[in-house]
Amino acid sequence: MPPLRRKVLRDLVRLWPQALAIALVLAAGVATMILGNGAFASLSDTRTRYYESYRFADVFADVTRAPLALLDDVRAIDGVLAAEARVVQLALLDLPSLQEPGAMLLVSLPENGAAGLNRLHLRQGRLADPGSSREVVLSEGFATAHGLRPGMTLALVLNGQRRELTVAGIALSPEFIYALGPGEMMPDPRRYGIGWLPRQALAAAYELDGAFSNLVVKLTPSASVDWVIEQVDRLTVPYGGTGATARADQTSHAFLDAELKQLGTMVKVLPPIFLLVAAMLVNMTLSRLVTLEREQIGLLKAIGYSSRAIAQHYVEFVLAIAVVGIAMGAVAGQWMGAELAHIYAQFFAFPFLVFSRDLGLFFLAALVTAGAAVSGALLSVRSVLLLAPAVAMTPPAPADYRSQGGSLWRKLGLRQTSVMTLRHLLHRPWRTLSGVLGMAMSVAILVASLWSFASIDRMIDISFFRAEQQDVQMVFGQPEPPRAAFAARAMPGVMAAEPFRAVAATISHRNVSRRVTVFGRPAMPQLSRVLDRDLRPMDMPEAGLILSEALAQGLGVRQGDTVTVAFLDGSRRTVNLPVSGLSVGYVGLGASMELGALHRATGGAEAISGVNLLIDENQAPAFFHAAAAAPETGFLSVMALTVAQFRATLAENITVMITVFVGLAGVIAVGVIYNFARISLSEQGREMASLRVLGFSKGEVAAILFLELAVIVVLAQPLGWLLGYAMARAMVAAFSSDLYRVPFIIGPGVHATASLVTCAAAVLSALAVRQRINRLDLIEVLKTRE
Amino acid sequence: MSDRPEIVFRARGLTRTYRSAAGDVQALRGVDFTAAQGDFIVILGPSGSGKSTFLNIVGGLDAASSGDLWFKDHHLTALDERGLTLYRRDHVGFVFQFYNLVPSLTARENVALVTEIARNPMTPEAALAIVGLTDRADHFPAQMSGGEQQRVAIARAIAKNPEVLLCDEPTGALDSATGVRVLEALVEVNRRIGATTLVITHNAAIQEIADRVLRFADGRIVAERVNASRKAPAEVSW
């Protein structure tokens, strides 16, 4: 082995803690890159393959009842590859284990087996016998939540009739990767599941023989989705069609999309931060190493080594660190990726998960990381090249501190040790700045991850406690006449009932349009309300619409503008309505109007979609019993359960997220502070030892270094808060979709926590260096020239 | 000052053994020594004779392996790390061969470094005046010559009004003329504040300015001479 290479290895061994700290930061960059890109690729590849293999449809349409013959017309539409007419109905679960009755979405099984759309992936058992009226295939999440296996029975209320069904199999479907009950925000597999029944049996139960209630369409690759939807709508309107939707608006798909979008943001934000910090650390450390080895460099040049060979030596040193970082990052990234895939597999119902070990990605990560490390080394290496051998072999000129503030410090009345610290920091402004910036990144990562707590609390507070005051929302299976509200009011335990109507509509302004649900509410809603910007409940205007801010923004309208509303219910009316007010809201796109006004606008029969209810807690069991028995009940949304499910799901995800982010921020903080401290100690070790000789105690000498670190840490805090704020802002913008809007709230606790965590990491690093101060050799320093 | 100056140091049978992989090295092999207040003592001897080890132990930078050392009523050989730090802080002034100034502090500030933690210091200005550097007070070490830097180091050492001034090769890095100026400063300080002064040197010429001369060899004091009359630094040269 050439002697210079041996020197690389020895240097690595000698400087291992510093090298390790840098390698860890690099590893974090590699890991987040591999993990983020890997998870993103995994999720999107899995989805693509799942959709393809199981023939996931492109267009979806609901009708009240349409004759099967209509299917031929649909198939004849230009661009339609395949179409399937299904029966899809909501049934109530009759499970003794559920006090609050849950619901099951019943979907007819594809008729022609393998050729069908939205095919099932069987996990256990078999598909139901087409001729049977007693067999059901259950979605896996629901079956798992209730411990149901093939052969066991399950009671359902189909169209008002209780029926015992036998579980034939357990399956997954690309249509319900994310299975969300009507009006729910988080999947609750305990209270909402999917059940596939043979078409004949399901049609018979809902009196849909020779008819269908749902249409799924697969398009040719070149088809125009919008055009096909137009044609489908034209065909289905006479049969109570509520407007076809494209895959992009399909609930399960849209939620997955939102998840991918978030992941995509993380992938873009995190790795560059780590690589930047690592490059700065490499620069700091190598500059110091080159300074210390100045005379050796001169000697090497004098005996005939070329500048290139010497520069290469230092680049090799940095590359060796990078290789360690890349290796650690690759292993950690793969491992965390597998863990994340595991979480996804649990959260989303996938039959398989493609977690590709993408060599290309690995090489890219390695290349980018090595590039970052080497670019950090370039400036120091350049100084090696510029040194003339004769100059290099003489000791460097003493550091000149003339410009670092003479009398100013004295006027401030600082102790000389503090003056030392401040001048030392000012003497190397770029290094000081790198330290501050690196530390600030650590704070920023925390601020940018911790803010979501307050935002989620705010979301819950506004959505569930201020806006929605009802205990239960009863969604009817079919639209009911307004008197159904009185029937609900008469149920046991009901203290108040408030009807609502939900009508699908397309709202447009100029050339922008959005598909939304328009909610009709009483003039002065008491239970389910919308809030204005000051969070005051809003009265429903006599004629106009109240739009959520998200929707208004999407459409580019303001209060007072007029929008065109095309109702997609049976009436198919299109009206122009004024925007009478804007409401806040974080889930979905909201549009509301007064119930009577909605009836007038649609021009159809007065009907309601459900009631919001206030329930006497003591009579809840009696209420749920009555509600389950009522034929109009389609789905019961229980606020307390929704909130609990929302919190539980987020809590689980957030714990993982916070652990990861605190770890990542800690790696940066330790990497920056430890290296900074070691370099500073290396530069000032001699002075510190001299001070010890002069009678300064170990603590007093350590305090000099700690003050220097404290200045870095303190300066980094406001900068970190600011950077974190900007990152959080960007994340809010990136996360916002039509499904979710994340309120941007940063509580003071976020800053405090971010600062505490980073300070703790800094203190630990400082303590690690303190050992070295305690071991300073007092005698050696007197005997040698620097 | 009384006729019989107070005894400041008493050493009995001081030894110091360094353990190393190559075997034990006996740096001191039993040194007996006394010094009175105001004594100006020059210590001579070849490299490895134990003179620096002796000075380090006297200065509280190193601990003896055996034997006893008293500074006035402080039993130095019984003190722990903390006690030795306090001893250095309160009683000892050091001057080193390589000055060991803090480059980021001016001359005044380097002196103030010590006066800030001392119990009974003079002002940094007074200390700098003694070594003749009043007009260089606001200069950084990088702006001063070697001799000037060493005089700042002396000012820093004496600013606490130490009872002991320990100098290890104070002129070792200086040319003859500059060295003389530094020695003048040391003699002046010894006279003005009455500190017991121990100066290690390789330079035999310097012995002429001392009250007493100790010669070290092989870890022992092999010769001791009392100068009947002291020369002024300006009278010696090398």
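Which residues in helix 13 of chain A meet helix 19 of chain A, and which residues of helix 19 do they meet? In this predicted model, M420(A), H424(A) and L425(A) of helix 13 face F676(A), S680(A), E683(A), Q684(A), E687(A) and L691(A) of helix 19. Two packed helices are described by the angle between their axes and by the distance between those axes. Helix 13 covers residues 416-427 of chain A and helix 19 covers residues 639-693 of chain A, and the two pack at an angle of about 140° with their axes 12 Å apart. Helix 13 of chain A is therefore oblique to helix 19 of chain A. The crossing of helix 13 of chain A with helix 19 of chain A is right-handed.

Helix 7 (residues 251-292) and helix 14 (residues 429-467) of chain A pack with their axes 10 Å apart, at an angle of about 155°. Because angles over 145 degrees count as roughly antiparallel, helix 7 of chain A is described as roughly antiparallel to helix 14 of chain A. On the side of helix 7 of chain A, the contact is formed by L270(A), I273(A), F274(A), L276(A), V277(A), M280(A) and M284(A). Helix 14 of chain A contributes R431(A), S434(A), G435(A), L437(A), G438(A), M441(A) and I445(A). Helix 7 of chain A crosses helix 14 of chain A in a left-handed sense.

These helices belong to a chain whose secondary structure comes to 22 helices and 20 strands. The C-alpha trace of chain A spans about 100 × 60 × 50 Å along its principal axes. Chain A has 786 residues, of which 55% are buried.

Most residues other than glycine have a negative phi. L535(A) is not a glycine, yet its phi is positive, at about 65°. L535(A) is located in the loop between strand 14 (512-521) and strand 15 (545-548) of chain A. The relative accessibility of L535(A) is 17%, so this residue counts as buried.

In chain B, an open sheet of 4 strands was found, with the order 2-1-4-5 and antiparallel pairing. The edges of this sheet are strand 2 (25-36) and strand 5 (74-75) of chain B; each has a single partner strand, so one side of each has no neighbour in the sheet. Strands of a sheet pair through backbone hydrogen bonds. Strand 1 (residues 7-18) and strand 4 (residues 66-71) of chain B are paired in the antiparallel sense over 5 bridges. T15(B) is positioned opposite S66(B), a residue of strand 4 of chain B.

Helix 1 (residues 51-58) of chain B is mostly covered, with 8 of its 8 residues buried. The buried residues of this helix are K51(B), S52(B), T53(B), F54(B), L55(B), N56(B), I57(B) and V58(B). Just after helix 1 of chain B, G60(B) adopts a positive phi of about 75°.

Positive phi also occurs in chain B at N100(B), which is not a glycine and has a value of about 50°. N100(B) lies in the loop between strand 6 (92-95) and helix 3 of chain B. With a relative accessible area of 4%, N100(B) is buried.

Helix 3 of chain B comprises residues 107-115 and contains T115(B). T115(B) has a relative accessible area of 12% and is therefore buried. The side chain of T115(B) reaches the backbone oxygen of A112(B) at 3.1 Å. When residues up to four places away in sequence are not counted, T115(B) touches P121(B), M122(B), P124(B) and A159(B).

A further buried residue of chain B, N190(B), has a relative accessible area of 6%. N190(B) is part of helix 6 (residues 176-193) of chain B. A polar atom of the N190(B) side chain lies 2.7 Å from the backbone oxygen of A195(B). The side chain of N190(B) also makes a polar contact with the side chain of T197(B), at 3.2 Å. Apart from neighbours within four places in sequence, the residues in contact with N190(B) are G38(B), D39(B), F40(B), A195(B), T197(B) and R230(B).

Note on methods
Residues are numbered from 1 along each chain as its sequence is written. Chains are lettered from A and ligands numbered from 1 in the order in which they are written. This is a predicted model: local features need pLDDT of at least 70, side-chain atom pairs count only at pLDDT 80 or more; totals for chains, interfaces and linings use all residues. Side-chain values use heavy atoms; hydrogens and water are left out. Buried means under 20% relative accessible area, exposed over 50%, partly exposed in between (1.4 Å probe, protein chains only). A polar contact is a pair of N or O atoms within 3.5 Å; within protein, one must be able to donate a hydrogen and the other to accept it, and residues adjacent in sequence count only if both atoms are side-chain atoms. Contact means heavy atoms within 4.5 Å. Two strands pair if DSSP finds at least two bridges between them. Axes are lines fitted to C-alpha atoms, for helices over the stretch in contact, and angles run from 0 to 180 degrees between N-to-C directions. Angles under 35 degrees count as roughly parallel, over 145 as roughly antiparallel, 65 to 115 as roughly perpendicular and the rest as oblique. A crossing is left-handed if the near helix is turned anticlockwise from the far one by less than a right angle, and right-handed if clockwise.
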